[in-house]
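Let us go through the terms used for this model one by one, setting each value beside the rule that gives it its name.

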Amino acid sequence: MSENRTPTAVLLHGWPVTADHWRYLIPALNAAGITAVPVTLPGLGTAPDSGVTDFRKTALANGVRARLAQEGVTRFAVIGHDWGATVGYLIAAQAPESVSGLVVEEEILPGVDVEIPEAGRDHYPSWHGPFNRTPGLAEKLVPGRETAYYGSFLEQSAGPYGLDPDTLPAYIKAYSTPGVLNAGLSYYRTRSEDVEDIQALAAQPFSTPVLAVGGRHAMGTAVADGMATLATDVTPLVFEQSGHYPAEQEPDIVNLAIVQFLQRHS
């Protein structure tokens, strides 16, 4: 890819979904003249390359930046969901001259101490983090039970309005691929290093514009509350019929909000 001349948005999805999370947003970006560049982080629905062993989010952010530089993408916005938003924040914090704007969808970054509102606490799971971080536990219990493990998290975190009927089995199938379980667990097991990296950056909040997107039945206002500790220009948005997946659950109004934000900060 040559030096980018039109607005570009790099899309980083989280766990346990795939790039299909962006199936409604990508056409909306392209229709608005914004080039969408979806990037799948190692192990998130596909087995990582054999050379990928460091799942510290700073290392993953460096990997994305290096890939974009090779493709000639030097100025871009970042749209991140879940773990993709943590990596997106680190890209923006490390290279503010490259990032025009950051969209954080449904993520409270490691080490950021904010409380999920009551509507979200009623639905968003609290079990998966400790479970995934416990050495050896998921490796013993999940193989052969992927439908129960991933399905339970996806159904609970989506809230009362759920996901498209075809989506759940597609995500479960992707995360049943050999190598994906261990890679996904590795995202959770670098927590102490991730907290250290993010708290060091929090000492100097950045000025890159941030759109903080929450689902009422998941993290809700906690997304913006958390980002307000890391950035000085945060626009909060909460979508009333969404859980952890606003870009899938309320795509029309989410697409419009993201496109307008990117157009203001291209």
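**Pocket, pairs and burial**

The largest pocket has a volume of about 600 Å³, where a volume is the space filled by probe spheres set on grid points that are joined across faces, edges and corners. The model is predicted, so local features need pLDDT of at least 70 and side-chain atom pairs count only at pLDDT 80 or more, while totals for chains, interfaces and linings use all residues. Residues are numbered from 1 along each chain as its sequence is written, and side-chain values use heavy atoms, with hydrogens and water left out.

Q: What makes a residue part of the lining of the largest pocket, and which residues lie nearest its centre?
A: On a 1 Å grid over the protein atoms alone, a pocket is an open set of points with protein on both sides within 12 Å along at least five of seven lines, whereas a cavity is a set where a 1.4 Å probe fits but cannot get out; lining residues have an atom within 4 Å of a point. By that rule the largest pocket is lined by 23 residues, of which I108, Y124, H128, R191 and M219 lie nearest its centre.

Q: Which helices each supply at least two residues of that lining, and which gives the most?
A: Helices are DSSP runs of H or I with at least four residues, strands are runs of E with at least two, and both are numbered from the N terminus. Helices α4 (118–121) and α5 (128–133) each supply at least two lining residues, and α5 gives the most, with 4 residues.

Q: How do the lining residues divide into nonpolar, polar and charged?
A: Ala, Val, Leu, Ile, Met, Phe, Trp, Tyr, Cys and Pro count as nonpolar, Asp, Glu, Lys and Arg as charged, and the others, Gly among them, as polar. The lining of the largest pocket then divides into 12 nonpolar, 5 polar and 6 charged residues.

Q: Why is the pair of E139 and R189 called a salt bridge?
A: The term requires a side-chain nitrogen of Lys or Arg within 4 Å of a carboxyl oxygen of Asp or Glu, and the closest N and O atoms of E139 and R189 are 2.7 Å apart, so the pair qualifies. The pair links distant parts of the chain, with E139 in helix α6 (residues 137–141) and R189 in the loop between α9 (180–188) and α10 (191–202), 50 residues apart. The count by this rule comes to 9 salt bridges.

Q: Why are E139 and R189 called partly exposed?
A: Buried means under 20% relative accessible area and exposed means over 50%, with partly exposed in between (1.4 Å probe, protein chains only). E139 has 30% and R189 has 29%, so both fall in the range between those limits.

Q: What span does helix α13 reach, and what is expected?
A: The expected span is 1.5 Å times one less than the number of residues. Helix α13 (residues 251–264) has 14 residues and reaches 20 Å from its first C-alpha to its last, close to the 20 Å expected. Among the buried residues of α13 are V254, I258 and L262.

Q: Why is the pair of W15 and Y150 called tilted?
A: Rings of Phe, Tyr and Trp (its six-membered ring) pair if their centres lie within 6.5 Å, and planes under 30 degrees apart count as stacked, over 60 as edge-to-face and the rest as tilted. The rings of W15 and Y150 have their centres 6.0 Å apart and their planes at 55°, so the pair is tilted. W15 lies in the loop between β1 (8–12) and α1 (25–31) and Y150 in helix α7 (residues 146–158), so the pair ties together parts that are 135 residues apart in sequence. W15, with a relative accessible area of 2%, is buried, and Y150, at 1%, counts as buried too.
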